[in-house]
Amino acid sequence: MKNQKVCPKCGGADILIVDGEVRGYGTGNNIMLGASIFSAVEVDRYICCSCGYTEEWVNMRDIEAIRKSKKAHR
Ligand SMILES: [Zn+2]
């Protein structure tokens, strides 16, 4: 959805994006890696307006921080 702008579930092309954000107390669409909002990673959300399917993406620059986080596991 991020790269093709087409919904993988229904094939619709009416895609809207809600950018991730970090607000006070960790509100907004993000992943809190630590106790501080400065350790939060923004998560962008892609929404198909034809069927309601959503997809979430983090920026590649944040991958290393997630990799080092104690919250992430396999
Ligand atoms: Zn769809």
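This is a predicted model: local features need pLDDT of at least 70, side-chain atom pairs count only at pLDDT 80 or more; totals for chains, interfaces and linings use all residues.

Student: Where is Lys 5 placed, and what is its phi?

Tutor: Lys 5 sits in the segment before strand S1 (15-18). Its phi is near 60°, a positive value in a residue other than glycine.

Student: Which elements does the chain have, and in what pattern do they follow one another?

Tutor: The chain has one helix and four strands. Along the sequence the pattern reads β-β-β-β-α.

Student: What percentage of the residues of the chain count as buried?

Tutor: Buried is the label for a residue with 20 or more other C-beta atoms within 10 Å. Of the 74 residues in this chain, 8% carry that label. As for extent, the C-alpha atoms fill a box of roughly 40 × 25 × 20 Å, taken along the principal axes.

Student: In which sense do strands S3 and S4 pair?

Tutor: Strand S3 (residues 40-48) and strand S4 (residues 54-58) pair in the antiparallel sense, over five bridges. As one example of a bridge, Val 43 has Val 58 in S4 as its partner.

Student: How do the side chains of a regular strand point?

Tutor: The general idea is that side chains in a regular strand alternate between the two faces of the sheet.

Student: How many residues lie between S3 and S4 in the hairpin?

Tutor: Five residues lie between S3 and S4 in this hairpin. In the turn, Gly 52 has a positive phi of about 90°.

Student: Where is Tyr 25, and is Tyr 25 buried or exposed?

Tutor: Tyr 25 is in the loop between S1 and strand S2 (30-32). Tyr 25 is exposed, because 8 other C-beta atoms lie within 10 Å. Its phi is near 65°, a positive value in a residue other than glycine.

Student: What about Gly 24: where is its place, and is Gly 24 buried or exposed?

Tutor: Gly 24 also has its place in the loop between S1 and S2. With 7 C-beta neighbours inside 10 Å, Gly 24 counts as exposed. Gly 24 and Ser 36 are 12 residues apart in sequence, and from C-alpha to C-alpha they are 9.7 Å apart in space.

Student: Now the helix. Which residues does Ala 65 touch, leaving out those up to four places away in sequence?

Tutor: Ala 65 belongs to helix H1 (residues 63-68). Leaving out residues up to four places away in sequence, Ala 65 touches Leu 33 and Val 41. Ala 65 counts as partly exposed, because it has 16 C-beta neighbours inside 10 Å. The C-alpha atoms of Ala 65 and Leu 33 are separated by 8.1 Å, though the two residues are 32 apart along the chain.

Student: Where does Leu 33 lie, and which residues does Leu 33 touch?

Tutor: Leu 33 lies in the loop between S2 and S3. With 18 C-beta neighbours inside 10 Å, Leu 33 counts as partly exposed. Beyond four places away in sequence, Leu 33 touches several residues, among them Ser 39, Ala 40, Ile 66 and Lys 71.

Student: What share of the contacts comes from residues 24 or more positions apart?

Tutor: Among contacts in the chain with a separation of 6 or more, 42% come from residues 24 or more positions apart.

How values were computed. Residues are numbered from 1 along each chain as its sequence is written. Two strands pair if DSSP finds at least two bridges between them. Helices (H or I, at least four residues) and strands (E, at least two) are DSSP runs, numbered from the N terminus. A residue is buried if 20 or more other C-beta atoms lie within 10 Å of its own, exposed if 12 or fewer, and partly exposed in between; C-beta atoms are placed from the backbone. Two residues are in contact if their C-beta atoms, placed from the backbone, lie within 7 Å.
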